[in-house]
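Trainee: Could you walk me through a model and show me how to read its features?

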Amino acid sequence: MQIQKRDVTIRPWLYTVKSQTGGVVSVYFLDTDLEGNNPEDREITSSLYGGDERYRLKQEIVLGIGGVRILDALGLGVHKYHMNEGHSSLLALELLKKNGMDIDKVRSLCVFTTHTPIEAGHDKFSYDVVREVLGEPVPLDMLKKMGGEERLNMTLLALNLSNYLNGVAKRHRDSARAMFPGYEIHAITNGIHSYTWTCESFRNLYDKYFPGWANEPDLLVRADGILDEDVWRAHMDGKKVLIDYVNKATNVGMNYDTLTLGFARRATGYKRADLLFSDIEKLKRTNGKGRIQLILSGKAHPRDDSGRKLIEQIFGYMQKLEGEIKIVYLANYDMDLAAKLVSGVDVWLNTPLRPLEASGTSGMKAAHNGVINFSVLDGWWVEGWIEGVTGWAIGPRPNENVSVEECRRKELDDLYNKLENIIVPMFYSRRDEWIKMMKGSIGKIAYYFNSHRVVQRYVIEAYL
Ligand SMILES: *Cc1c(COP(=O)(O)O)cnc(C)c1O
């Protein structure tokens, strides 16, 4: 294919994902690092978030236009193209060319899911760069009608060339509708792969009570029937794995029986890993009522300075609390570590700045392991939350219209008051109520917020 008027050859690599329960999915990775390609073009697929606007556009040409051609060359007979975020939306231009510029036909082939609730998160390219790098696969005036007059907005392009549009949680759908008025945007709330994110002890527990649960996670709806001691034993097994890992990696000496709060996210501003440390004195007071220990993790994007500063700040707070509250910040946050964290703590904390968390998924992972969510009402949690039954809310209700200052005040009030007066006392003095909430998390969250339900809904509502 041609990029910047040069021929570029693309090679696909096949990666076969095999599910523990028998499924197989083929993933094709596109690569331009081939002999015969111009040295500059060999670099197009070498760095995920590197480079400038021009570099990014070249990557999206490889993904969108190259992707369609590779699928054709492999003879895969695609019936639907599902664009996740605008990065792949140039594929719709390739489909227009293939289908004689028939917009209705292309729309019938395309599904688009937006994942970003803020304007700045959507890719946009100047038409000068577009013309230079991409050429004119469809006439420019037609492209501007679909992708925006000023700049090529990849989200707009996808919205205009798909006949099914959705956001990744109901609240996110509402933000997306406000951002793109006039489009019928649906909601299919995210879910996570139940088997992958359930730790060994809970897998064994579910095998015993709900045979077949991994392929039919709806069965977890019956979690109330699990014996308390079985839930607690499975939890303590998962907790031991994490605490042993922490005590090997650090010298803080964490305990198995102490109430343990977890927080792990990409270290970026809006996720607010530092919110818990807003009032050090209140945190100390809570710890006086009943011991707490904190396990945090998260990597900053190499180009996100604010993310790196956030981590530095947290290390500052950790120093201030040294000798009082055991806190660790674990390095190398990846899926393996995430799996240990979401199954090894007692409470999973989530404090994003509303409405910036489109969905969020780590809290769903926690719920699969009987870990209780304590979260700002944003993204998926608006749908998963029942106060005191599936977890606890931090801050204003979803439909409460409050100023930024009022919102923060309410968040801090809930954060410290609920921790001190509800969460700590229940953990230490009313274990039966605690276990009931663990079962509430499994039976009212995990049974629903899983990828089996998500895929079924995509098939029925978007693909068929
Ligand atoms: C689940 C997961 C995430 C996403 O978690 P959020 O709650 O959506 O922020 C990010 N990184 C890793 C390694 C994960 O496992």
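Here is how the two of them talk it through.

Mentor: First, the ground rules: this is a predicted model, so local features need pLDDT of at least 70, side-chain atom pairs count only at pLDDT 80 or more, and totals for chains, interfaces and linings use all residues. Residues are numbered from 1 along each chain as its sequence is written, and side-chain values use heavy atoms, with hydrogens and water left out.

Trainee: What is the strand order in the open sheet of four strands?

Mentor: Some terms to start: strands (E, at least two residues) and helices (H or I, at least four) are DSSP runs, numbered from the N terminus. Two strands pair if DSSP finds at least two bridges between them. Here the order reads E5-E6-E9-E10, with parallel pairing. Strand E5 (81–84) and strand E10 (185–187) are the edges, each pairing on one side only.

Trainee: How many bridges join E9 to E10?

Mentor: Three, with strand E9 covering residues 164–167. In that pairing, Gly167 stands opposite Ala187 in E10.

Trainee: Which helix lies across E9 and E10?

Mentor: For angles, axes are lines fitted to C-alpha atoms, for helices over the stretch in contact, and the angle runs from 0 to 180 degrees between N-to-C directions. Contact itself means heavy atoms within 4.5 Å. The helix is H8 (residues 170–179), running at about 170° to E10.

Trainee: Where are the domains?

Mentor: Bounds come from an automatic or database domain assignment. The chain is divided into domain 1 (2–162) and domain 2 (194–450), and their C-alpha centres lie 37 Å apart.

Trainee: What is the area buried between domain 1 and domain 2?

Mentor: Buried area is the accessible area (1.4 Å probe) that two parts lose on being put together, summed over both. Here the value is about 630 Å², with carbon and sulfur atoms giving 60%. In domain 1, Thr21, Tyr49 and Pro117 lose the most area to domain 2, together 62% of what that side buries.
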